[in-house]
Amino acid sequence: MPPPAARQILPTAKSAAEIRADYDLAVRQRSFFSARTTQARYLRRLRDMCDAFSQGNVSQADAETALRAELDDLGYDPETGGFPGDEGIPPAKPGELRDLSSHCRLDLILRTQQQLSANLARKAAAAADPLGAFEHPAWRLIRMGAPLKPRDWHVRWQAAYAACGGEGAHPAEMVALKSSPIWAALGEYGEDSTGSDCPPFAYNSTMDWLDVERDEAVRLGLVEADEVPAVDFDGSLGESEIASALDNLSPEDLAALQQELAQWL
Amino acid sequence: MAVSFQVEYKPTPVLDRLIRSLGPDGRRTLAVAGAAEAARNTQKYLRGLAASRHATAGKLGAAPTQVIGRAAAGTIAREDCVVVPHPLFKRAFGDVTIAPRTARALAIPMHRDAYGHGPRTMSGLFVWKRNRKAEGPEDKGAAFLARSVGKGKNARLELMYLLHRGRILQRQDRTLLPSDEDTAAAAMKGLSSRLNTILRAVAAQKGAS
């Protein structure tokens, strides 16, 4: 799934349920949309604000203020059914989730996109760092907050596990290899799912990922203990420099270094 | 706005000599590995904090805002820094002064329904001033954002926010983030893990050739 800034604007008068039913996953993953939001100019502003907020360049209060100003400028009125010229969009009570200018709507969008951006960055970092992926080959799905009404993620995990044939995933603990298709399956489970293959998998979810160390992945049977890391030293200047420096150590210094390193592992 | 801090550590003697012998790419590779582990450590720390730190919500009988949990979820490493996506964590590094920006007063939640929500998100609020000495001379003239609940004889006033003119100073709270020692230990773990992995890869390639 590309980050928000790289996704195509998709204006739509459809509701969230209609979007899920009518657009396939590939379209939803490469598009930037919001239910019942027909104005491309507003969607572009929303996308830009989500990006700026996710990068830490604007506060949530300032992002919400800017977005409300844009909606005002475009003549948005939740009680008359949206933007001037909109058809078929039911009126919304001011302040509720269906009101595009409400705090609860904007808060949900900004937080969801922020969490998604952070996890897309983690995925990209893992893909660009084969040694890092060797050291931490899996993710654990874990709760990061204390919601009032927690969803049953073990049930969702079991369903996603069955949907992908358990490939690269543990059947009981919510741990799977970073390459496992279970992550995409989780993002498609339930009407509240986001369609993402990284957290948040559902709207308003407090679930996120933690890296799992190799030893634990071995203990869970997800990787083999005797696997060796594959490094293209020609393609990686940093690793190549380090390998060369290690090679130049005397046997005594290498032994001393390994003893120093052992105290941290 | 995000808060970022550079990951610092003191390498042990042989490791220090090794790092000094590296060029910028080698040093960067180790610094990034160290920061990545420090970010993981910070995530775990914040997750623990999110489960326990609800004093204000508890006092008001309100639902926790999940701010710390969300910050845990959004914490990442960027080069040799850890980035925590919420301005609350500035307080870990020093005193913080909170002042109204566009409004004339700060709105401090006093009711569980107000906790975690700004006054602009609530409808039906009005300014109410306390003109009698209720609990002390300092209360005279105190202003609130209030709402009226119920109708007719059953109508009652609910004080939602205290309006505080001026600034509020919040003292540094270092416990909002892992200690420097904790972060340094995590960074050393990240570096050590990376060096071990490279040693293993080199040994495997030598064995194969």
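Biologist: How many salt bridges are there between chain B and chain A?
Modeller: The count is six, where a salt bridge is a side-chain nitrogen of Lys or Arg within 4 Å of a carboxyl oxygen of Asp or Glu. Keep in mind that this is a predicted model, in which local features need pLDDT of at least 70, side-chain atom pairs count only at pLDDT 80 or more, and totals for chains, interfaces and linings use all residues; side-chain values use heavy atoms, without hydrogens and water. Residues are numbered from 1 along each chain as its sequence is written, and chains are lettered from A in the order in which they are written.

Biologist: OK, which residue does A:Asp129 meet in a salt bridge?
Modeller: That would be B:Arg194, at 3.0 Å from N to O.

Biologist: And polar contacts across chain B and chain A, how many residue pairs?
Modeller: The rule finds 18, both residues at pLDDT 80 or more. A polar contact is a pair of N or O atoms within 3.5 Å; within protein, one must be able to donate a hydrogen and the other to accept it, and residues adjacent in sequence count only if both atoms are side-chain atoms.

Biologist: Which element gives the largest share of the chain B side?
Modeller: H5(B), with 17 residues. Helices here are DSSP runs (H or I, at least four residues), numbered from the N terminus.

Biologist: How much area do chain B and chain A bury?
Modeller: About 4800 Å², with 60% of it on carbon and sulfur atoms. Buried area is the accessible area (1.4 Å probe) that two parts lose on being put together, summed over both. The contact (heavy atoms within 4.5 Å) takes 53 residues from chain B and 58 from chain A.

Biologist: Which domain 1 residues lose the most area to domain 2?
Modeller: A:Arg20, A:Leu108 and A:Thr112, together 59% of what the domain 1 side buries.

Biologist: How many salt bridges between those domains?
Modeller: The rule finds one across that interface. A:Arg28 forms a salt bridge with A:Glu188, with the closest N and O atoms 3.5 Å apart.

Note on methods: Helices (H or I, at least four residues) and strands (E, at least two) are DSSP runs, numbered from the N terminus.
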